[in-house]
Amino acid sequence: FVMARSFALKMQQLDNTDVKKQISKGYECMMYKPITDNKLNALVALYAKSLDTFAKDEKATKEITGAQDTVPKPETAALVVVANAMLNLDEWVNKN
C-alpha cells in the first residue's frame, strides 16, 4: 500500500475539497486522459463504502494510512483504497 498511500496524498494535494475532483485529477495524472463517468462513479462508490468502514475502525485506518503517531483520517484511508484500485486498473497495468 506504500505506492497507494503516496498516490492518495498526491490526489488530496491536487484538490483538498472534493473527492470526485481528487479522483478525476488523479486518474488524469495517471492516464493522461479524463476519467469516464462510469469509472468515476464506481470509484466514488468504493470511496464511500471504504469511508464508512474506516470511520468505524480507527485501527484499520491507522494501518492503511501508516499514521501511527498522528490521528488517522478515515478520508485518507478511503482514498488509499481508491488509489490502490486505480493502480490496479488493467489500462494502467498494461499501459505502454
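Author: Start with handedness: the crossing of helix 3 and helix 5 is right-handed. A crossing is right-handed if the near helix is turned clockwise from the far one by less than a right angle, and left-handed if anticlockwise. Helices are DSSP runs (H or I, at least four residues), numbered from the N terminus. This is a predicted model, where local features need pLDDT of at least 70, side-chain atom pairs count only at pLDDT 80 or more, and totals for chains, interfaces and linings use all residues. Residues are numbered from 1 along each chain as its sequence is written, and side-chain values use heavy atoms, with hydrogens and water left out.

Reader: At what angle do helix 3 and helix 5 pack?

Author: Axes are lines fitted to C-alpha atoms, for helices over the stretch in contact, and angles run from 0 to 180 degrees between N-to-C directions. Here helix 3 (residues 37-55) and helix 5 (residues 74-87) pack at about 140°, and their axes are 8 Å apart. Helix 3 is therefore oblique to helix 5; under 35 degrees counts as roughly parallel, over 145 as roughly antiparallel, 65 to 115 as roughly perpendicular, and the rest as oblique.

Reader: Which residues of helix 3 and helix 5 meet?

Author: Contact means heavy atoms within 4.5 Å. From helix 3 the residues include Leu43, Tyr47 and Phe54, and from helix 5 they include Pro74, Leu79 and Met86. By class, this contact has 14 nonpolar, one polar and one charged residues. Ala, Val, Leu, Ile, Met, Phe, Trp, Tyr, Cys and Pro count as nonpolar, Asp, Glu, Lys and Arg as charged, and the others, Gly among them, as polar.

Reader: Is threonine 61 buried or exposed?

Author: Buried means under 20% relative accessible area, exposed over 50%, and partly exposed in between (1.4 Å probe, protein chains only). Threonine 61, in helix 4 (residues 58-65), has 1% relative accessibility and so counts as buried. Its side chain reaches the backbone oxygen of aspartate 57 at 2.9 Å. Lysine 59, also in helix 4, is exposed at 61%.

Reader: With which side chain does threonine 76 make a polar contact?

Author: A polar contact is a pair of N or O atoms within 3.5 Å; within protein, one must be able to donate a hydrogen and the other to accept it, and residues adjacent in sequence count only if both atoms are side-chain atoms. For threonine 76 the partner is the side chain of glutamine 12, at 3.0 Å. Threonine 76 is in helix 5 and is buried, with a relative accessible area of 12%.

Technical notes: Helix = DSSP H or I, 4+ residues; strand = E, 2+ residues; numbered from the N terminus.
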